[in-house]
Amino acid sequence: MSYYNESETKRRIENIRKILIKNNLDAALIYYDELNIANGWYLTGWCPQFEKGAVLLPINGEPLLLGGPESEPFAKMNSAIKATRNFPVFMVPDEEYPNAEIISFQMLNEELLRGGTTLKRVGVIGTNTLPHAVFTQFESGFKGVELVDITDEYELLRSFKSAWEIENVRNAFGLTYEAYLAMKSKVAPGSYEYEIAAEGEYICRKAGANSFAYGTIVGSGKRTNAVVPTAINKQLDAGEWVMLGIAPRINGYAGCFGETIPVSGEYTKEQKDSLNILREAVRLTKEMLRPGKCGIEIDKPARELFIRHGLIDYLVCPFAHTIGLMEAESPFYGPNGTNELVPGMTICVDVSFFGHPTLYGARIESGYVITQNGCEPLSPEMDKIITTDIE
């Protein structure tokens with residue numbers, strides 16, 4: 001009845017403690033919230049609603065879940081880490097909880113000292129999203145502590161997927177084809193974008209999706225230029241096309257698809273030709289998904305294709321990125337990327353253009369797991385769609 005795996009959690013804690021030992025650190029402070037969910041979810045299989053939170057993982061002893069009182073009962077029921085402490089900085093501003101025990105970081109420091117734990121050097125994870133107030137209050141409460149950014153090492157650890165993680169990613173991708181068919185069935189002149197999104201979300205929720213890694217993408221006509229347009233109350237018009245995408249999570253792990261289809265059921269020649277270029281870019285990029293390849297190599301073939309066909313000025317996003325707890329997470333495999341692919345990594349091929357003067361924007365996308373010899377599609381059905389030319 002939870003989204004975590006106890007043996008996975010124990011293994012992850014051991015691996016993080018190896019990072020602490022390597023860097024001569026006494027503990028890790030791992031920040032997360034509803035938007036920046038992945039780093040905390042990796043250890044807890046849980047995320048608060050409304051409030052923010054962090055995990056304090058000492059090199060020895062019990063990890064603590066730091067948060068607010070409104071989420072505390074939820075955490076004790078569903079988080080892999082059950083020991084909780086509440087702090088004002090993680091709470092909804094100005095909200096009052098008269099029966100809750102709320103402490104300061106100084107009080108936490110004193111508690112740890114009484115238990116024999118002294119923190120002198122703490123590795124901080126999530127520094128690109130950590131609120132200033134959390135950083136400064138923690139620093140003040142643990143007077144004299146040295147805070148060291150170890151975000152990159154932690155997130156690199158997350159990029160190497162276990163068999164359990166790959167299974168969850170594969171199961172999430174397993175929802176995408178049925179979601180695509182359901183969304184496609186609602187595409188017609190006069191349909192509202194939000195109706196199309198609802199069809200896909202219903203299919204995923206009914207099949208066990210616990211959340212979505214991004215707001216469901218439905219953008220028609222000029223709204224395809226918005227890169228990641230979420231569905232609104234716009235009606236679809238005959239002759240335009242619509243960009244679709246959904247990212248269901250299973251046990252916190254994401255799958256996704258991206259496709260662009262005609263509202264009236266038939267592509268114009270310009271639309272078809274451009275999408276066949278994107279399909280060729282998928283095939284070229286997919287061929288590069290092999291162990292040892294880095295972004296510099298992976299990006300090159302599709303980029304050269306875009307140059308030959310005059311689409312390079314409309315290229316916004318590189319063609320490949322890792323997927324896991326987030327739909328798009330590091331490492332990314334852009335034209336300057338040096339991180340190498342390793343068997344067991346889960347990768348999205350995500351090919352798009354935006355800002356085109358007549359076509360506006362388009363995206364096609366699906367996912368793959370890196371094997372010893374290349375890659376395998378995580379959704380064979382969506383892989384076939386986005387790699388097969390439109391006749």
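Which residue forms a salt bridge with Lys-22, and how far apart are the closest N and O atoms? I looked this up first.

**Ground rules.** I am working on a predicted model, where local features need pLDDT of at least 70, side-chain atom pairs count only at pLDDT 80 or more, and totals for chains, interfaces and linings use all residues. Residues are numbered from 1 along each chain as its sequence is written, and side-chain values use heavy atoms, with hydrogens and water left out.

**Lys-22.** I found its partner to be Glu-153, with the closest N and O atoms 3.1 Å apart. I take a salt bridge as a side-chain nitrogen of Lys or Arg within 4 Å of a carboxyl oxygen of Asp or Glu. The pair links distant parts of the chain: Lys-22 sits in helix 1 and Glu-153 in helix 6 (residues 151-159), 131 residues apart. Helices (H or I, at least four residues) and strands (E, at least two) are DSSP runs numbered from the N terminus. Lys-22 is exposed, at 64% relative accessible area. Glu-153 is partly exposed, at 26%. My cut-offs: buried is under 20% relative accessible area, exposed over 50%, partly exposed in between (1.4 Å probe, protein chains only).

**Arg-85.** I saw its side chain meet that of Glu-111 in a salt bridge of 2.6 Å, N to O. Arg-85 lies in strand 4 (residues 84-86) and Glu-111 in helix 4 (residues 105-114), so the pair ties together parts 26 residues apart in sequence. Both are partly exposed: Arg-85 at 23%, Glu-111 at 27%.

**Arg-12.** I noted a salt bridge to Glu-165, closest N and O atoms 3.3 Å apart. Both residues are buried.

**Tally.** I count 19 salt bridges in the structure.
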